[in-house]
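User: I want to learn how to read a model like this one. Please take me through some of its features.

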Amino acid sequence: MSRTFRPVLPVIALTGWISASAQVQDSIRHDALPIGKLEPIGTKKERRIYGKDLAASHWGAGSSRHHLQLDVTGLYDANSLRNDLVMGLYLGKELDRAVRERTQDALKGTNRAGAIFSADLSYSWGDSLFGKAGWQPRVAVGYRAFYGARFTDAVYDLSFFGNAAYEDRIAELGPGAFEGINYQTVGFGIAFNAEAFIQLNLVNGGTLNAGNIRKADLYTAPDGQYLDLDLDGDYWRSDTAVRGFDASNGIGASLSGAWAHTFPGNLRKTLVIGVQDLGFIHWNTGSLAVSRDEPIRFEGIAVEDVLDIDGPLVQTENLQDSLGLGYKRQSFTRVLPALLEARFQWWNAAAPVYEVKVDMRYLAGYLPHIEAARYFRLSQCILPEVRVGYGGFGGSRVGIGARFRLGNAIQMRLSTPNVVGTLARTGQGQGVLLGLEARW
Amino acid sequence: MALRTSTLVILSGLLITLVACRKESDEARWDLEVAVPLVSTALTLGDIIPDSLIMEDGEGNLSLLYQDRLFSLRLDTVLTAPDTSLRYSYVLPIPGPLQFPAGTAFNSSENITRFDLEELEMSVLRVRSGMLQVEITNMINGTILGNFSLPGATLDGAPLAVQQTVPPGTPAMPSTVSTGRALDGYRFDLRGPEGDDVNTLAMALSYLTDPAGGTVSISSTDSLIAHVSYLDIIPEYAKGFFGTRDITIEPSSTSLDLFEGISGVLDLESVSARLRITNGIGIDARATIGHLRSVNTATGSSVEMNAPITNGPINLDRAIDLGSGFQEAVNTWTLNSGNSNVEAFVENLPDRIEYALDLRIAPLGNVSNGNDFLYYESRINADLELEIPLRLSATDLTLARTLTVDLPGTLQGHAVRSGTLHVFATNGLPFSAGLGLAIVDEGDQVLLPLQAGGTVAAASVDGSGTVSSSSESHLRFLLDEAAMDLLHTTGRVRVTAVFNTPNGNEHVQLRSDYRMDLRLSFEGNYLVNGDE
């Protein structure tokens, strides 16, 4: 029996790690930036209530001589895949039919799913740079792992129920796309008066597995006599011989930065615009790329001698020849899954009260993501928040979180962008965000 | 910066929580109902019969040409050179003693050596390998120089000579010196000093008192004894007359893999066979074939060849001596339906050919006047060639092969759980093929035949027996869970194809462009990540 049949697309998208998930869209947060000399500008009553200690707190902290920031952000989300299915995939469980059918019932025609992990450590310091007061040198290192997919209902059906139900029918497996990528960055830049920063990153490409399917109509002949695939798509893959955390299969560069603007007035308003990893990786010559726009008929692995079928069945080249897929080893350049973000906040005293945010990541399955937040100030040390959002990899989401001030120098953030998904087994999407910031 | 203990505790707790969410096993599992093509292939005659055995004429008609060696006879028993040892003694013919000054030569003698080679009368012998051993025993009280030479034994034109210095000895305590010399490549002229003899080699032996020594006193009690031995002689070439000899080739057999795994009734329109005996020795020979028999060990049937070559002796011409080698004499006898029962011989589908024969060399004596020859490489080879035009009729002609299938997974865990194996055939061969699959054990005993199987219909043939159009057939083989488990246990499948030509005994011509296209697909239950 051939071992060649294997559902690929959703597995690639879904079996990525999802454990340490958190919310990436907050990776450029107002408080992740030195956003200026923000004075507590609330009313006199507010100042009386919260006291002068809040003025010094860093809910809206100004510039500091040293600023060390760690952000571990991540997210798994999907607009149709149920968590019990995804967790079953990740944990290596038996996926019974009921679990698979529950997700099947939730399919939406165009389905999206993805997982993001991003860890950044940055440090800026000093009083001036190049003779400019308020400028600080900035260094940063980062690790990214992204998985994203956009797929049709038929892809799910074939992957989790097989193609027998599609005998003598066409399964529309496209349009769709998927991308799994990980890379590391080392960045050097400048922070400007705690209001903006710009950073140039050197990027080391780890692994890449990506495809873009414009059309893929699969016809299964009765009894599986043959498969007809009308395929129009592209596929890229990094060298699989070099793997692991320290793998280097490509090199590139990217730009990250942010800019914050405070609008004058009694009720302070701030606008933060940021970009992360706007750049590229040039994958090396060990990589593979294939582009096809043609019908493919697969009648089984072509064997010369019917009486010697056990030998060549599992040979990759034989299978590729039978499928008409001749991968070509070549180098190529692909843009990074960059993130663009804009955030608008209304402040009361030294802490934000409302926030509206829009972001977009250049990754398969990711839609423009809009989010609105309301902050509740419980004390000088705890700032809870409630968020509602739509887009990204998922649909409508409600999230909660809180920021904690630990002493005079440290702030921590812990939140989930998806309360229902995180707590409910049959929900969709899960996430936890962790941020840690120190200023002194 | 002052990190508080509480901060570290919170961070540690979060990390532990994240890391604790680990996989229980490697990969999730779920089952699929799949319908997938497995293999596409074409069955041609080349898959059944090796391409090297198939011949095609200008019109695409196929014939089968098969050659098998019955025997290869090396006549090393005809030409053997036994180890030979000769003794040459010198004693002073008078009581003496006599004084021999330094450097005095004595007993210079020329002699001949005659080898006892029984019936062989050799005039020339070229040695492939062998050894000459010369041993001289000295009982004289003075150093003696011994010179031994064979003028008739040359290597690149130089005669063979051995010199030895033998220390003084006494009758009570003789001294002995022995010298060996490889004879590889030496040519021995065995015609003797006069050039008109056989098995005779000229020899010279002389002694000399040591020119650097003093006067030597020799009496009649002193002696010199030389032993000359010819050991382990293997001839490279020999010429002469080797006698009339009878060689019996005991009943023997050779395997024939042409029809391996095939049974049933095969009716051939015509067959021709050639018995080719090549004679690499320079001697006439005569062979008498005791029997030449086609044996089918599976059915137990045998067919005796009945042809002129089996009814009386056949003469084998001699090879030609080219000086540095030889040219074989090829003796060929053709057997066909007109002069033999070769059709029945082949249609028996033999897996063994049994034979026995007697061989007489030089049956007419020394007719070459001593110019028979043998090379070390000389052989008498017998080959049987079968030429079978593939115009035939088949009745339940059965081809069976056992395939070892290396399935992924184990008995305990395999992805393919159960289903149906579909076989789609487009048959362009002029015979039907009943296909059967069975799981067999190591001894090829059927453990489970796979149902339902069926027959691939024959292609349509016209009045001349040529295929006019292909046929389409669809066969199914059920693979339930028990069958899959059994298949993983043995890993062996026996494929049986029973061929029948469409119109009984009417012969059909097989052509090079005939083929049966086969596509195999699987429809059934597949467990993702189920292979362990």
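User: Which residues of H5(A) are buried?

Analyst: First, the ground rules. This is a predicted model: local features need pLDDT of at least 70, side-chain atom pairs count only at pLDDT 80 or more, and totals for chains, interfaces and linings use all residues. Residues are numbered from 1 along each chain as its sequence is written, while chains are lettered from A and ligands numbered from 1 in the order in which they are written.

Now the idea. A residue is buried if 20 or more other C-beta atoms lie within 10 Å of its own, exposed if 12 or fewer, and partly exposed in between, with C-beta atoms placed from the backbone. Helices (H or I, at least four residues) and strands (E, at least two) are DSSP runs, numbered from the N terminus.

In H5(A), the buried residues are A:Ala154, A:Val155, A:Tyr156, A:Leu158, A:Ser159, A:Phe160 and A:Phe161. A:Gly162 follows H5(A) with a positive phi, near 90°.

User: How do I read the crossing of H3(A) and H4(A)?

Analyst: Start with the axes. They are lines fitted to C-alpha atoms, for helices over the stretch in contact, and angles run from 0 to 180 degrees between N-to-C directions. Angles under 35 degrees count as roughly parallel, over 145 as roughly antiparallel, 65 to 115 as roughly perpendicular and the rest as oblique.

Here, the axes of H3 (residues 83–91) and H4 (residues 97–105) of chain A come within 8 Å and cross at roughly 130°. H3(A) and H4(A) are therefore oblique to each other. Two residues are in contact if their C-beta atoms, placed from the backbone, lie within 7 Å. On the H3(A) side, A:Asp84, A:Leu85 and A:Gly88 make the contact; on the H4(A) side, A:Val99, A:Arg100, A:Arg102 and A:Thr103 do.

User: How many residues of H3(A) are buried?

Analyst: 7 of its 9 residues are buried. Among them are A:Leu85, A:Val86 and A:Leu89. Just after H3(A), A:Gly92 has a positive phi of about 75°.

User: Why does A:Val353 count as partly exposed?

Analyst: Count its neighbours. A:Val353 has 17 C-beta neighbours inside 10 Å, so it counts as partly exposed. It is found in strand E17 (residues 351–361) of chain A. Leaving aside neighbours within four places in sequence, A:Val353 is in contact with A:Trp346, A:Trp347, A:Asn348 and A:Tyr375. A:Arg377 is 24 residues from A:Val353 in sequence, and 8.3 Å away in space, C-alpha to C-alpha.

User: In what order do the strands of the open sheet in chain B run?

Analyst: Two strands pair if DSSP finds at least two bridges between them. The 5 strands run E2-E3-E26-E17-E23 in chain B, with antiparallel pairing. Strands E2 (54–56) and E23 (329–335) of chain B stand at the edges with a single partner strand each, so one side of each is left without a neighbour in the sheet. E3 (residues 62–73) and E26 (residues 380–389) of chain B pair over 10 bridges. There, B:Leu64 stands opposite B:Ile388.

User: Where in chain B does pLDDT stay under 50?

Analyst: pLDDT is the predictor's confidence in each residue, from 0 to 100. It stays under 50 over residues 1–24 of chain B. The average for chain B is 86. For the complex, the predictor gives an ipTM of 0.77 and a pTM of 0.66.
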